[in-house]
Structure formats: structure tokens, C-alpha cells
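I am opening a notebook on this structure.

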Amino acid sequence: SSAGPAGVGNVLTMDNVLVSQNTSVQGGGMAIFSANVNNTLTATDATFDSNQATNYGGGILVNSTTTATSVATVSLQSGCAVTNNTSSIGGGVDNSAGTLNVSDTVISGNTATSHGGGIYTNDVLNLTNATLTENTATSNGGGLYALGNANVTMIGAQINNNSAVNGAGYYVNAGSLTADSATTVNSNTAS
């Protein structure tokens, strides 16, 4: 499966850590998964670089079971970088079911052979002063792809220079997306 926390009631804190050149079916760099307990990752100044997943989450996978009474929560903050990762869905990060908080973090150079080059989300995503740049999706959502139960909030986010067939900056298939006036979406290329 993936490197990362497993077991009951995990709280993982990462500070100035490099997670690089790992390969897995899902969660190439790391997977945070919750079944009947809360699992939490808080990363500060951590780098997830050049990881690969066959299916979901090249850099990071955030997921919970469909019957979970708990939630997986990942916070990437203060100088984190998710770079040069690849996957079918969610090249950088796949937030299938959980809460993903991204602040003062760069998500760049990731590739999805399907949807969500930078981030793929089906749940809660908060982007605060985050940069999504130079990510690529072969289908939809170069920077960001949202669907299903997605609830995306962007405050001061920079979504620039991403590419995809549709929605090069971001693509909302379902769910909701709100952005403040400080958020910019520029120079993205749809082909």
C-alpha cells in the first residue's frame, strides 16, 4: 500500500522532513487513512518530492472508509512543498475523504494521467496563501479537481501556470468552491 501511519488514533507530526522517490499503488509518498479513529498529519517545512502512485495520490493520499465515524485530517503548513509527484488521480495530493488544510505551501510540477494534477478533492479543502503552479492533468483540473462532496475554500491562493484539457487552473465537477478577492488564477493553459 503506502508508507505512513497505520493503526488506531494516530497523530503524526513532521517537521523539516523529506519524503522522496517512493512508489506505491496509492499514496506514493504517504497515506493517511481513517476507519474508526481519527488520524492526523501536521507537516511543517516538509517536502514530498518525486513520489509515484499507480492509482491515487502521488505525493499524499488522504482517505477514510465510506462508513467511517472518524476523519483523516492533513495539514500542510509553513514552507511545505509537494513537488514532481505522479499518479493517475491526484498527482500531488488526493483528498478522497477527509480534511486537507494547505497553508503557505507550494504544490508544483505534479502530474496526473487523469484528473487533478496538483490536488484532487472529494471532501474539505482549505487553501490559505497556497501556491498551485506548473501542475499537469491529462484530462481535467491541472491545478485542482473537485467533485462529489468537495467543499473548497481559497484565501489568498495562487493558481498559476497549470495545464489540462479542461479546467487548467481548476475544474469543479461537483461540490462547492469559494475564493476571496486575493486569490489569483492566471496563465493556466487548457488544450
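**Entry 1: a loop residue**

I began with asparagine 22, which is partly exposed at a relative accessible area of 28%. For this term I use under 20% relative accessible area for buried, over 50% for exposed and partly exposed in between, with a 1.4 Å probe and protein chains only. I note that this is a predicted model, in which local features need pLDDT of at least 70 and side-chain atom pairs count only at pLDDT 80 or more, while totals for chains, interfaces and linings use all residues. Residues are numbered from 1 along each chain as its sequence is written, and side-chain values use heavy atoms, with hydrogens and water left out.

Asparagine 22 sits in the loop between S2 and strand S3 (23–26). Strands here are DSSP runs (E, at least two residues), numbered from the N terminus. I listed what asparagine 22 touches, not counting residues up to four places away in sequence: Gly28, Gly29, Ser50, Asn51 and Gln52. Contact means heavy atoms within 4.5 Å. The C-alpha atoms of asparagine 22 and phenylalanine 48 are separated by 9.6 Å, and the two residues are 26 apart along the chain.

**Entry 2: the sheet**

In what order do the seven strands of the open sheet run? I read S2-S6-S10-S14-S18-S22-S26, with parallel pairing. Two strands pair if DSSP finds at least two bridges between them. Strand S2 (18–20) and strand S26 (184–186) are the edge strands, each pairing on one side only. I looked at one pairing: strand S22 (residues 158–160) and S26 are joined in the parallel sense over three bridges. In that pairing, isoleucine 159 stands opposite valine 185 of S26.

**Entry 3: serine 96**

Is serine 96 buried or exposed? Serine 96 is buried, because its relative accessible area is 18%. I found serine 96 in the loop between strand S12 (93–95) and strand S13 (99–103). Its side chain and that of aspartate 94 are joined by a polar contact of 2.6 Å. Such a contact is a pair of N or O atoms within 3.5 Å; within protein, one must be able to donate a hydrogen and the other to accept it, and residues adjacent in sequence count only if both atoms are side-chain atoms. Leaving out residues up to four places away in sequence, serine 96 touches several residues, among them Leu61, Asn63 and Tyr120.

**Entry 4: the core**

I counted 31 residues in the largest nonpolar core, where Phe48, Leu76, Ile119 and Leu127 have the most contacts. A nonpolar core is a set of buried Ala, Val, Leu, Ile, Met, Phe, Trp, Tyr and Cys residues joined through side-chain atoms within 4.5 Å. S9 gives the most to this core, with three residues. Beyond four places in sequence, leucine 127 is in contact with residues including Val102, Ile119 and Met154.

**Entry 5: aromatic rings**

How many aromatic pairs does a search of the whole structure find? I noted two. Rings of Phe, Tyr and Trp (its six-membered ring) pair if their centres lie within 6.5 Å; planes under 30 degrees apart count as stacked, over 60 as edge-to-face and the rest as tilted. Tyrosine 120 and tyrosine 145 are stacked, at 5.6 Å centre to centre and 10° between the planes. Tyrosine 120 lies in strand S16 (residues 119–121) and tyrosine 145 in strand S20, so this pair ties together parts 25 residues apart in sequence. Tyrosine 145 and tyrosine 171 are also a stacked pair, at 5.5 Å and 5°. Tyrosine 145 is buried at 4% relative accessible area, whereas tyrosine 171 is partly exposed at 28%.

Methods:
Helix = DSSP H or I, 4+ residues; strand = E, 2+ residues; numbered from the N terminus.
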